[in-house]
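User: Please take a close look at the pockets of this model, and then follow whatever part of the fold leads on from them.

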Amino acid sequence: MPISYELIKECKQSGARLGILHTPHGEVETPIFMPVGTKATVKTMTPEELKEIETQIILSNTLHLYLRPGHELIEKAGGLHEFMHWDGPILTDSGGFQVFSLDDLRDISEEGVEFRSFIDGSKHFFTPEKSIEVQNALGADIIMAFDECPPYPAEKEYVRKSLEMTTRWAKRCKDAHKNPDTQGLFGIVQGGMFRDLREQSAKELIELDFPGYAIGGLSVGEPKDLMIEVLEYTAPMLPKDKPRYLMGIGTPDYIFEAAINGIDMFDCVYPTRIARNGTAMTSTGRINLKNAQFKEDFKPIDEACDCYACKNYTRAYVRHLVKENEILASRLVTIHNLNFLLRLSENIREAIKEDRLLDYKEEFYKKYGYIE
């Protein structure tokens with residue numbers, strides 16, 4: 001298999017695990033936050049800057065790249081790695097979440113999903129086979145099965161029918177996968193907020209023997225306590241010898257909960273999105289650099305950070321850039337926010353090694369302001 005997982009250690013203080021994800025484009029130390037490069041770029045960042053902050057793996061979005069510039073063009077360019085000048089591991093999502101988030105612009109059937117492009121209104125039909133065709137052309141190390149992500153809240157009967165269709169689609173994805181020797185196809189566990197349905201989904205997907213498994217359908221608007229509850233009973237259902245991926249989380253509290261529950265990989269647009277609004281994550285909590293209190297603040301964004309932005313610029317200067325809508329503001333805060341989550345991932349790995357992840361979580365939460 002092109003993708004394999006090596007379990008190094010389990011934290012005695014929590015359910016967290018330290019591991020290595022082996023891919024065709026390099027090894028990834030886990031648990032790891034994965035920056036999102038939706039349109040074949042992590043917004044405002046060059047590949048060299050991503051390497052400078054020790055990014056190990058990035059994501060791109062299948063649906064966006066299918067619509068523009070087109071997977072055929074990217075394949076002609078030599079695949080996504082060549083096209084975007086990134087030689088490290090890449091994961092592409094299936095496009096399922098984006099299609100289903102279109103609501104009134106799409107129509108679901110057993111065969112697939114008909115939808116209208118959010119770019120120009122043109123009609124398209126996305127099937128499990130089409131998703132895999134596009135991802136095979138893109139050439140990412142890890143590709144995802146096409147699934148339906150049910151909304152929250154949703155009736156149990158709807159969720160049951162949805163997950164059963166997702167399982168059938170997963171089989172179709174596996175049959176359509178043309179590059180099993182170079183690309184690892186992950187299955188996605190659904191089942192909404194219902195334990196028995198999560199068990200059903202996990203069991204059916206494990207029987208298909210994917211090289212890795214994702215937990216989908218969380219962080220879709222449900223209360224945090226419910227999300228943690230579902231995560232706590234779903235993660236242990238997955239094989240210990242394969243990577244576990246929780247889709248769509250990027251705040252420090254959710255990252256801690258994911259790691260504690262044995263998740264190896266997580267991603268979100270959160271750090272880059274809030275950066276474009278001038279919001280930074282710091283060791284003492286989130287700050288909005290637009291605020292007047294930073295007008296004459298000549299300290300770095302975060303005095304505990306050693307990223308390029310913090311070593312060279314002040315809060316006052318970055319606030320000025322934000323207020324003037326200068327592109328450099330987005331770049332500097334993005335560099336900082338991504339570095340912050342990558343250092344958090346690194347610190348979590350170190351705490352797992354030392355069997356003190358719960359202690360580290362409490363220390364972090366007190367400084368960040370999650371607890372008094």
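**Pockets and the neighbouring sheet**

Analyst: In this predicted model, the residues that line the largest pocket divide into 14 nonpolar, 18 polar and 6 charged. The volume of the largest pocket is about 810 Å³, and of the 38 residues in its lining, Phe97, Gln98, Gly248, Asp267 and Val269 are the closest to the centre. Strand 5 (58-60), helix 5 (96-100) and helix 11 (270-275) are the elements that give two or more residues to this lining.

The second largest pocket holds about 330 Å³ of space. Its lining is made up of 15 residues, with Ser283, Ala304, Phe340, Asn347 and Tyr360 nearest the centre, and two or more residues come from each of helix 14 (327-353) and helix 15 (357-368). Helix 14 gives the most to this lining, with 6 residues, while by class the lining has 6 nonpolar, 4 polar and 5 charged residues.

Strand 2 (residues 17-23) is joined to strand 3 by 5 bridges, the two running antiparallel, and Ile20 stands opposite Glu29 in strand 3.

Definitions and conventions: Residues numbered from 1 in each chain as written. Predicted model: local features only at pLDDT ≥ 70, side-chain atom pairs only at ≥ 80, totals over all residues. Heavy atoms only, no water. 1 Å grid on protein atoms, 1.4 Å probe; cavity = no way out; pocket = protein on both sides within 12 Å on 5 of 7 lines; lining within 4 Å. Points joined across faces, edges and corners; volume = space filled by probe spheres on them. Helix = DSSP H or I, 4+ residues; strand = E, 2+ residues; numbered from the N terminus. Nonpolar A, V, L, I, M, F, W, Y, C, P; charged D, E, K, R; others polar. Pairing = 2+ DSSP bridges.
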